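Open the model in your viewer and keep the selection tool at hand.

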Amino acid sequence: QVQFVESGGGLVQPGGSLRLSCAASGSIISIVAMGWYRQAPGKQRELVASITRGGSTNYADSVKGRFTISRDNAKNTVYLQMNSLKPEDTAVYYCNIGSDLALRFGSWGQGTQVTVSS
C-alpha cells in the first residue's frame, strides 16, 4: 500500500516562497501521474498541480505562473515550488495520484500547512 508524507509548509509573508516535498513509501511516482492538492478553510479540496509519468505539467488557473511541480524518480519524491505567495494560497497541501478520482477515492495523509499572512 502506497503512503504519501508531505513536508515543507510554514508561515510566510505575501510574496514569499516555499518548497513542499512529498515522499512516497513505494516506487510509484515514476509510473503514475502525481498531483498536489490543497484544502483551504471552509472550502473543498482541489487539485492545483499535476505531472504525468512523461513529465507534462498542468496547473490550476489560480496558481499558474507561480507554482512549479517537479519530481525526482530516484528519490521517489514530488516537489511543489511556490513563489509569489498570496493570502488566498493559505491551505493544507496534500499530494496524491494526479487524478480527480483521488478526490473521491484517495487515501490522504496529514498534509502540510501553508499560511500566507502579514
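The count is 1 disulfide, a term for a pair of cysteine sulfur atoms within 2.5 Å. Select C22 and C95: their sulfur atoms are 1.7 Å apart. C22 belongs to strand β3 (residues 18-24) and C95 to strand β9 (residues 91-97), so the bond ties together parts 73 residues apart in sequence. Strands are DSSP runs of E with at least two residues, helices runs of H or I with at least four, numbered from the N terminus. The S-S torsion is about 65°, so this disulfide is right-handed.

This is a predicted model, in which local features need pLDDT of at least 70 and side-chain atom pairs pLDDT 80 or more, while totals for chains, interfaces and linings use all residues. Residues are numbered from 1 along each chain as its sequence is written, and side-chain values use heavy atoms, without hydrogens and water.

Colour by accessibility next. C22 is buried at 0% relative accessible area, and C95 is buried at 1%. Buried means under 20%, exposed over 50%, partly exposed in between (1.4 Å probe, protein chains only).

Now select Y37, Y94 and W108, which ring pairs link into a cluster. Rings of Phe, Tyr and Trp (its six-membered ring) pair with centres within 6.5 Å; planes under 30 degrees apart are stacked, over 60 edge-to-face, the rest tilted. There are 2 aromatic pairs. Y37 and W108 are edge-to-face, 5.0 Å between centres and 80° between planes.
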